[in-house]
Amino acid sequence: ALWTPWVAAHWERRLKREDFRKSDVSALARTIRETLKGSSLHLVGHLLLGVCRIFFRQTVQLQDDIEELRAAMLASDTVRAGGVPKAHALA
């Protein structure tokens with residue numbers, strides 16, 4: 001279970017999009033906290049860096065999915081007819 005955050009910390013490009021998507025960040029953090037209590041700070045730091053990179057990639061993937069959905073909705077005929085109100089950007 002700790003292989004994914006270790007690889008994310010050191011060889012991020014080795015992981016596929018699906019590896020990032022299926023990782024449970026809260027479970028990884030809980031596993032690190034509970035099982036590695038007596039481990040070195042260096043090891044725990046590397047694993048937590050990997051968890052942070054996984055979480056970052058998950059948020060980027062979510063943002064990409066949202067943008068794809070938004071573009072598809074704007075391109076559809078129902079939206080052009082006024083089905084969904086436009087969101088105004090905050091200043």
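User: Why does Val-44 count as buried?

Analyst: Val-44 has 15% relative accessibility, so it counts as buried (under 20% relative accessible area; exposed is over 50%, partly exposed in between, with a 1.4 Å probe and protein chains only). This is a predicted model, where local features need pLDDT of at least 70, side-chain atom pairs count only at pLDDT 80 or more, and totals for chains, interfaces and linings use all residues. Residues are numbered from 1 along each chain as its sequence is written, and side-chain values use heavy atoms, without hydrogens and water.

User: What does Val-44 touch, leaving out residues up to four places away in sequence?

Analyst: Val-44 touches Ile-32, Leu-36 and Ser-39 (contact means heavy atoms within 4.5 Å). Ile-32 is twelve residues from Val-44 in sequence, with 7.2 Å between their C-alpha atoms.

User: What makes H1 roughly perpendicular to H4?

Analyst: The axes of H1 (residues 3-10) and H4 (residues 41-75) cross at roughly 85° and come within 7 Å. Roughly perpendicular covers 65 to 115 degrees; under 35 is roughly parallel, over 145 roughly antiparallel and the rest oblique. H1 is therefore roughly perpendicular to H4.

User: Which residues form the largest nonpolar core?

Analyst: That core has twelve residues, among them Val-7, Phe-20, Ile-32, Val-44 and Ile-54. A nonpolar core is a set of buried Ala, Val, Leu, Ile, Met, Phe, Trp, Tyr and Cys residues joined through side-chain atoms within 4.5 Å. H4 gives the most to this core, with four residues.

How values were computed. Axes fitted to C-alpha atoms, helices over the stretch in contact; angles between N-to-C directions. Helix = DSSP H or I, 4+ residues; strand = E, 2+ residues; numbered from the N terminus.
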